[in-house]
Amino acid sequence: MSAETPAAEGQFTRRRLQFRAWRGGRPFWAGLFIALGGLPIAYFPYANLQIGHLTLAMATTAGAGSLIIGVLLVVLGVSLWFQKHVRVFAGVAAILLALVSIPVSNLGGFLIGFLLALIGGAMAVSWVPGEPPQAEPPLEGRGTGAAPEGVVPGTAVPGTRAPGTPASDAAVPQPRDGGDGGSPTQAFAPLGANDLSGTSPANGANGRHSAG
């Protein structure tokens, strides 16, 4: 193997991918079927079939009409490759020309050109351009960062302390207001931190007397 073989294969692959991308953005197969359908319609009226020493001419009185129909079908097929916005007009025109070719051009090129043009016209009318892929929305209930939802990054979460912070400096959760009815939910605190049961009423801390 020569040193140019990998480069040639890479260029062939690149050309093939470019052709595939070009083909996917237009009704390529519809144009190909319509163009191929015009060839037998235009050819058979001017062809001569040789059977031994016998020459059979298949020309008809409408040979010029067959040639015009075949050329128009080829033009419509090529137009679909480079002018995809005329796909509806080209498809309908190809179907009408295929129907006209039945009485004019030897049953539409012995039904070969008629069927090819009819299938290609239907494909051209039904073809629509593809939509570009859309970005997927983020899943619900899943945050984008490491912090919980609703918490600004860099702020402390109640009930937690930063690494290296003493336990005494950590924020102590406060009881929530009970509102109307029901006992409020109180958070646990270190023993003796808020114990005011042994104080006297004179200091005004609370209104309860110690037992005895």
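Trainee: Which residues in α4 are buried?
Mentor: Keep in mind that this is a predicted model. In α4, the buried ones are A90, G91, A93, A94, L97, A98 and S101. They sit on the same side of α4, because they cover an arc of only 165° around the axis.

Trainee: And which residues are exposed on the other side of α4?
Mentor: There you find F89 and P103 exposed.

Trainee: What do the buried residues of α4 pack against?
Mentor: Their partners are α2, α3, α5 (106–110) and α6.

Trainee: How many residues does α4 have, and how far does it reach?
Mentor: α4 has 18 residues, and from its first C-alpha to its last it reaches 25 Å. That is close to the 26 Å expected at 1.5 Å a residue. Just after α4, N106 takes a positive phi of about 50°.

Trainee: Let's move to the core. How many residues are in the largest nonpolar core?
Mentor: It has 15 residues, and those with the most contacts inside it include I34, I69, L73 and L97. Two or more residues each come from α2 (28–43), α3 (63–82), α4 (87–104) and α6 (112–126). The most come from α4, which gives five residues.

Trainee: Take I69, then. Is I69 buried or exposed?
Mentor: I69, which is found in helix α3, counts as buried because its relative accessibility is 7%, and the cut-off for buried is under 20%.

Trainee: What is I69 in contact with, beyond its neighbours within four places in sequence?
Mentor: I69 is in contact with I41, L97, V100, S101 and V104. I41 lies 28 residues away from I69 along the chain, yet their C-alpha atoms are separated by 7.3 Å.

Trainee: What about L73, again leaving aside neighbours within four places?
Mentor: L73 is in contact with I34, A35, G37, G38, I41, A94, L97 and A117.

Trainee: Changing topic: what pLDDT does the protein average?
Mentor: The average is 73, with 54% of the residues scoring at least 70. Among the elements, α6 has the highest mean pLDDT (93) and strand β2 (residues 54–57) the lowest (68).

Trainee: Where is the pLDDT below 50?
Mentor: One such stretch is residues 184–189, which has seven contacts in the model beyond near neighbours in sequence. Where pLDDT is low, predicted coordinates should not be read in detail.

Technical notes
Residues numbered from 1 in each chain as written. Predicted model: local features only at pLDDT ≥ 70, side-chain atom pairs only at ≥ 80, totals over all residues. Heavy atoms only, no water. Core = buried A, V, L, I, M, F, W, Y, C linked by side-chain atoms within 4.5 Å. Buried < 20%, exposed > 50% of the residue type's maximum accessible area, 1.4 Å probe, protein only. Helix = DSSP H or I, 4+ residues; strand = E, 2+ residues; numbered from the N terminus. Contact = heavy atoms within 4.5 Å. Expected span 1.5 Å × (residues − 1). Arc of directions from axis to C-beta. pLDDT = per-residue confidence, 0-100.
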